[in-house]
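This report describes selected parts of one protein structure. Please keep the sequence and the model in view while reading.

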Amino acid sequence: MTVRELRLVVTAEDYEQALAFYRDTLGLPQRAAFSSEGGRVTILEAGRATLEITDPPHAAFIDEVEVGRRVAGHIRVAFEVDDSTEATARLAAAGATVVAEPTRTPWNSLNARLEGPAGLQLTLFEELGD
């Protein structure tokens, strides 16, 4: 068996707001859009996808580093961006709630935490290099 794609499916009560936020503000390119009787779905590209599995103690550690306390549920989406400070400001201006401003992590990245449309916990991370 070969897995060819990881697709995270988010059900958003305010579909238009979520689509505008993730596609237009965050800049995820639209791959496809479909509709059914009374419903719509849009598939957005998010670059390379990974599935990060963590146990509760490490999830709490990540929250402590990025936010200072445990805030995320069992799902959090992380996006690598070129400039986490600029991306945080842009997403906040588009309606995201900033949970924690960009913070340098022990693994040498600059991470910010936000809550986006559909109640999704978001980490924006910028790799700082060696």
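## Start and end of helix α2

D55 caps the N-terminal end of α2, with a side-chain oxygen 3.0 Å from the backbone nitrogen of H58. The model is a predicted one. Just after α2, G68 adopts a positive phi of about 100 degrees.

## The two sides of helix α2

Helix α2 comprises residues 56-66, and its buried residues are A59, I62, D63, V65 and E66. These residues lie on the same side of α2 because they cover an arc of only 165 degrees around the axis. The exposed residues P56 and P57 are carried by the face turned away from that buried side.

## Strands β3 and β6

In strand β3 (residues 76-80), V77 and F79 form a covered face, whereas R76, A78 and E80 form an uncovered one. Strand β3 pairs with strand β6 (residues 120-127) in the parallel sense, over five bridges. Within this pairing, V77 stands opposite L122 of β6.

## Residue T123

T123 is located in strand β6. Is T123 buried or exposed? Its relative accessibility is 1%, so T123 counts as buried, the cut-off for buried being under 20%.

The side chain of T123 makes two kinds of link to be noted here. Another polar contact, of 3.2 Å, joins the side chains of T123 and R113. Among the residues that T123 touches are also V77 and F79, which belong to the covered face of β3.

Technical notes
Residues numbered from 1 in each chain as written. Predicted model: local features only at pLDDT ≥ 70, side-chain atom pairs only at ≥ 80, totals over all residues. Heavy atoms only, no water. Buried < 20%, exposed > 50% of the residue type's maximum accessible area, 1.4 Å probe, protein only. Helix = DSSP H or I, 4+ residues; strand = E, 2+ residues; numbered from the N terminus. Pairing = 2+ DSSP bridges. Polar contact = N/O pair within 3.5 Å; in protein donor to acceptor, adjacent residues only side chain to side chain. Contact = heavy atoms within 4.5 Å. Arc of directions from axis to C-beta. Lists of a residue's contacts leave out its neighbours within four places in sequence.
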